[in-house]
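Thank you for asking me to look through this structure. My remarks follow as numbered points, meant for someone who is opening it for the first time.

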Amino acid sequence: MIYTYGCSFTKWRWSTWSDWLEKYTKQTVTNFAWPGNFNQMMLYQILSTDINKDDTVYIMITHPNRTAHWYDADFIEKHNIKGQIPESATGLPVANTQNFGFYRHVPDQDPSLTEMYINNWHIIFQIQKVLDSTGCNYKMMLHQNPWHDSRPILKPKWECTWFNKPNTLNKKDYKIAKSIMDIPAIKKLLNLIDWSKFNFNDFDVNDPNSFYGLQDYQLERMDLLEYQHPIDRHPAPIVSHDYLVKHILGIEPDLSIQSSALDESRLSLKFVGEHLDFNSLIPPNNDYTTQLLPEMVKN
């Protein structure tokens, strides 16, 4: 069995690298990704999946600013945040109970940027320990260099910031990254992570600019800029396809599959739709294997 985990870069309105992976491997891929997903949730998803030594797992790590904790009715009432978490009919993820479960922090409960970064490395290390214990084959990837400060703008209106980050960190982000790397305990933690499980080239754990992900790849592919949706900045199907064959599988592209990715990319440019609403950040019935098929594909 092949399992994939991630956020909207792994499951979106059009095909992602996970969808193209199924076509290349000609095996069933169970995709547990979901738009708005976060790394701590991926850890619990993996713990909730019966993974064994014969399975293969691919994980695309998402924004470190997506931090979370466990909620219960007492905490929700005490902090008066009932309207700030999705009111899913089946409850919050993992526990699957009303007003009880695991979910992202609400904005006014967010920790410091430093906490977000350090927590991210802890989660990655924990994910590796869990997967190592199963004996499975696994590969990890980044959706973007995680040392970018990709926290959304909250006021006067909510706005994403991840899509306009250049490949190289700005001076401020670089300085913050180096200051965290220089903490002896964090330096040791970073060196305990098995970086051979990631799909990096020319990687140096001490260089914040050497961390590389799908969004960084997308910004490099100027030749595919014509397929970038004017509003929706998620990687076009052809970008995800090319990233898969070059940086995940390390193979030559199948020209028929690549042609399908180009066709779908042209179709994706015609997609007109709103952002996913708040409550859709929890999948129906808390089933992360639910398909997220775009209307453009159905039509």
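1. Helices, taken as H or I runs of at least four residues, and strands, taken as E runs of at least two, are DSSP runs numbered from the N terminus. With that naming, K82 is placed in the loop between α3 (73-78) and β5 (101-104). Please keep in mind throughout that this is a predicted model.

2. Is K82 buried or exposed? Its relative accessible area is 52%, and since exposed means over 50%, K82 counts as exposed because it passes that cut-off. Leaving aside residues up to four places away in sequence, K82 touches I76 and E87. The C-alpha atoms of K82 and F203 are separated by 44 Å, and these two residues lie 121 residues apart along the chain.

3. Turning to the strands, there is an open sheet of four, in the order β2-β1-β3-β6 and with parallel pairing.

4. The pairings can be followed strand by strand. Three bridges join β1 and β2 in the parallel sense, and T4 has N31 in β2 as its bridge partner. Strand β1 (residues 2-5) is joined to β3 by four bridges, with Y5 standing opposite I59 in β3. Between β3 and strand β6 (residues 137-142) there are six bridges, and the partner of Y58 in β6 is K139.

5. Strand β3 (residues 56-61) is mostly covered, in that five of its six residues are buried. Helix α1 (residues 17-25) lies across β1, β2, β3 and β6, and runs at about 165 degrees to β1.

6. The aromatic residues deserve a separate look, as a search of the whole structure finds 27 aromatic pairs. In one of them, the rings of Y5 and F32 have centres 5.2 Å apart and planes at 15 degrees, so this pair is stacked. The pair links distant parts of the chain, with Y5 in strand β1 and F32, 27 residues away, in the loop between β2 (29-31) and α2 (39-47). Both Y5 and F32 are buried.

7. Two further features involve aromatic rings. One aromatic cluster is formed by Y117, W121, W147, W195, F198, F200, F203 and F211.

Technical notes: Residues numbered from 1 in each chain as written. Predicted model: local features only at pLDDT ≥ 70, side-chain atom pairs only at ≥ 80, totals over all residues. Heavy atoms only, no water. Buried < 20%, exposed > 50% of the residue type's maximum accessible area, 1.4 Å probe, protein only. Pairing = 2+ DSSP bridges. Contact = heavy atoms within 4.5 Å. Phe/Tyr/Trp six-rings, centres within 6.5 Å; stacked < 30°, edge-to-face > 60°. Axes fitted to C-alpha atoms, helices over the stretch in contact; angles between N-to-C directions.
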